Amino acid sequence: MSSSETLLWITLALCAATGGSDVYYKKRGQEVTMDCTAIDPKTTRDVEWKQGGVLVIKINIKSGSTSKGSARLTKRARPNGYGLRIPSVEVGDSGDYSCSGFDARGYRITKEHKLHVVSVSVSPSDTVLISTNVTLRCDIGGNSTAPVQWMKPPDDKPHGSPGNTVTLKSVTSADAGKWICQIKDNTVENIEQVINVVGPLISTLEVTALAGGTVHLPCSIPSLNGLSIDEVGWTRNPPTDFQLPTVGKDLQWSKSSSKVKFQPLSTNFTMTLTKLKPSDAGVYVCTLNVSGGILTTQLTLKVEGGSALATEANVERPATVGMWVWVAIAVAGVLLIVLAVVIVLMYHRNRRMRRKVRKLRSMRQPLTNRTYCQCDRPVRQPHPEGKKERPPPLPRYQYDVMNE
Ligand SMILES: *[C@@H]1O[C@H](CO)[C@@H](O)[C@H](O)[C@H]1NC(C)=O
C-alpha cells in the first residue's frame, strides 16, 4: 500500500466515523432540522426518529403520515420530509438522535446525530449601563469537549482566555453589539449574543450665557434599550436658591416656575433656566435612575456680564423709574427757564415803568399838587341800595408809584 493509499483509507475511515454522526450546535430557542439523506426512499417505508433510543416520531414516506413515539420531545417535534425539525430547541433536547430506514440495497441503516443546545447567558443582563461589568457565559449541552472562545466582531479577535466565560470590565459603547461564542468542533460554530450598553448621558462640558438671558442645559440619552426610568433630575453643588427639578416615571414636574423649565421627553432631560443671575453659575449635575442603576453627567454654567448687565437685566422696573426721573428733571429745567425769563421780563418792565414815571413827574411837577388833585375828585355819595361802592380808580401815576 502506497503512502497515498494509506492516507486515502485514513481519510475514508475518519469520514465514516464522523460522517456517521452529524453534529448540530444550536442556541436555545433556535430551530434545528436534522435530515436522513442516507436512506433510500424507494426501499424504505417508514423512517424512525429516536432520541437516546426512545422513539420520537415515525414518518411514512409514501403518505407523509406520522405516528408518535413516547419521547418527551415528541410533542414539539415535526416531520420535515423524512427529516426531523424542532422549531425551538431547549437545553434538555441536547443528546444523541438517530434515524433509521433502508439503503438502496435493502439493508437496514441507522444514521446518528448529535445535538448540542448552547445556552448563552449574560449577567447581570444583556442590557447594561455603561461602566458596569458584564459576564458572558456559553454553556454547551450534550457532553461536548469542543474548545470554546468568545470573540467580538468585526475583527473577530479572541476575547479573554479560551473557555466558556468572559468578563467585560467597565463596558463602553464599543462593547455594545454582537458577540460570538465560537465552538470549534469538526466545523466552526458561531453562537451570537447581542449586548446593549445604555449611556452615557449626552451633555456639554460648559455653557456660557448672558446675565438676564435664558440657557438650555442639555442632558439626553441616545436610547434606553427598554430600561425604564425610575427618576431623573438636576442638582447643583452648592444648592441653588431656587428649586431644581426631579421627576419620577411619569416625567411630570409640577413645580415648574418662571425661573426653571423642565419638560423631559422619553430620552431628553434638558433643563431651561431663565432670568440668569451671576449667582446661577456653577456645576450642574443631571442624574438618571434606571432599572439597572444610575447615570450622571455634569456641566459648568458660566454667566457673563456680571453686575452691569445684571442691573440692566433687572431693569424692567428700574428702567421705567429712571425714565420718570429724567422726565421730572426735564420738567424742572423747563420751569426754571420759564421762571428766569419771567423774572428778567418783569425787571425790564419795571425799569421802563420807573423811567416813565420819573419823566411824567418831571413834566407834571407844577400840576401835581395835592390840593389840586383832591379838588378834582368826584364827591363821594352813599349808595342808595346800601351796596358797597367800588373805590374810584387811583390816578394813574399814583398806582405806578405804589408799585415801586
Ligand atoms: C432636547 O430638547 C431640547 C428642547 O427642550 C432641544 O433643544 C434639544 O435639541 C433636544 N435634544 C436632543 C438630543 O434631542
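Biologist: How many residues does the protein chain have, and what share of them is buried?

Modeller: Buried residues make up 30% of the 404 residues in the protein chain. Please keep in mind that this is a predicted model. The accessible surface of the chain comes to about 25700 Å², and carbon and sulfur atoms account for 56% of that surface.

Biologist: How many helices and strands are there in the protein chain?

Modeller: The protein chain contains five helices and 24 strands. Among contacts with a separation of 6 or more, 56% are between residues 24 or more positions apart.

Biologist: How should I read the pairing of strands, and in which sense do S23 and S24 pair?

Modeller: Two strands pair if at least two bridges are found between them. Strand S23, residues 282-290, pairs with S24 in the antiparallel sense, over nine bridges. A hairpin through two residues joins S23 to S24.

Biologist: Which way do S17 and S24 run, and how many bridges join them?

Modeller: S17 and S24 run parallel and are joined by five bridges. Here Glu206 has Thr300 in S24 as its bridge partner.

Biologist: Is Thr297 buried or exposed?

Modeller: The general idea is that a residue is buried when its relative accessible area is under 20%. Thr297 has a relative accessible area of 15%, and therefore counts as buried. Its place is in strand S24, residues 293-304. Leaving out residues up to four places away in sequence, Thr297 touches Leu201, Ser203, Cys219, Tyr284, Val285 and Cys286.

Biologist: Is Val215 buried or exposed, and why?

Modeller: Val215 is buried because its relative accessibility is 5%, and the cut-off for burial is under 20%. Val215 belongs to strand S18, residues 215-217. Apart from neighbours within four places in sequence, Val215 is in contact with Val207, Ala209, Met271, Thr272, Leu273, Leu276 and Leu301. Let us take Leu301 from that list. Val215 and Leu301 are 86 residues apart along the chain, and their C-alpha atoms are separated by 8.9 Å.

Biologist: What is a general rule for side chains in a regular strand?

Modeller: In a regular strand, side chains alternate between the two faces of the sheet.

Biologist: How is a pair of aromatic rings described, and how many such pairs does the structure hold?

Modeller: Such a pair is described by the distance of the centres and the angle of the planes. The structure holds one aromatic pair. This pair is formed by Trp253 and Phe262, with 6.5 Å from centre to centre and 80° between the planes. An angle over 60 degrees counts as edge-to-face, and the pair of Trp253 and Phe262 is accordingly edge-to-face. Both Trp253 and Phe262 are buried.

Biologist: What is the phi of Asp156, and what is that of Asn225?

Modeller: Asp156 has phi near 55°, a positive value in a residue other than glycine. Asp156 is found in the loop between strand S12 (148-152) and strand S13 (157-158). At 36% relative accessibility, Asp156 counts as partly exposed. Asn225, likewise a residue other than glycine, has a positive phi near 45°. The loop between S18 and S19 holds Asn225, which is partly exposed with a relative accessible area of 35%.

Biologist: Which residues surround the ligand?

Modeller: Ser220, Asn268 and Thr270 surround the ligand. Taken alone, the ligand exposes 360 Å², and the protein buries 32% of that area. In the case of Asn268, a polar side-chain atom lies 2.4 Å from an oxygen atom of the ligand.

Note on methods. Residues numbered from 1 in each chain as written. Predicted model: local features only at pLDDT ≥ 70, side-chain atom pairs only at ≥ 80, totals over all residues. Heavy atoms only, no water. Near = heavy atom within 4 Å. Polar contact = N/O pair within 3.5 Å; in protein donor to acceptor, adjacent residues only side chain to side chain. Areas by Shrake-Rupley, 256 points an atom, 1.4 Å probe, with all protein chains shown as cover. Helix = DSSP H or I, 4+ residues; strand = E, 2+ residues; numbered from the N terminus. Buried < 20%, exposed > 50% of the residue type's maximum accessible area, 1.4 Å probe, protein only. Contact = heavy atoms within 4.5 Å. Phe/Tyr/Trp six-rings, centres within 6.5 Å; stacked < 30°, edge-to-face > 60°.
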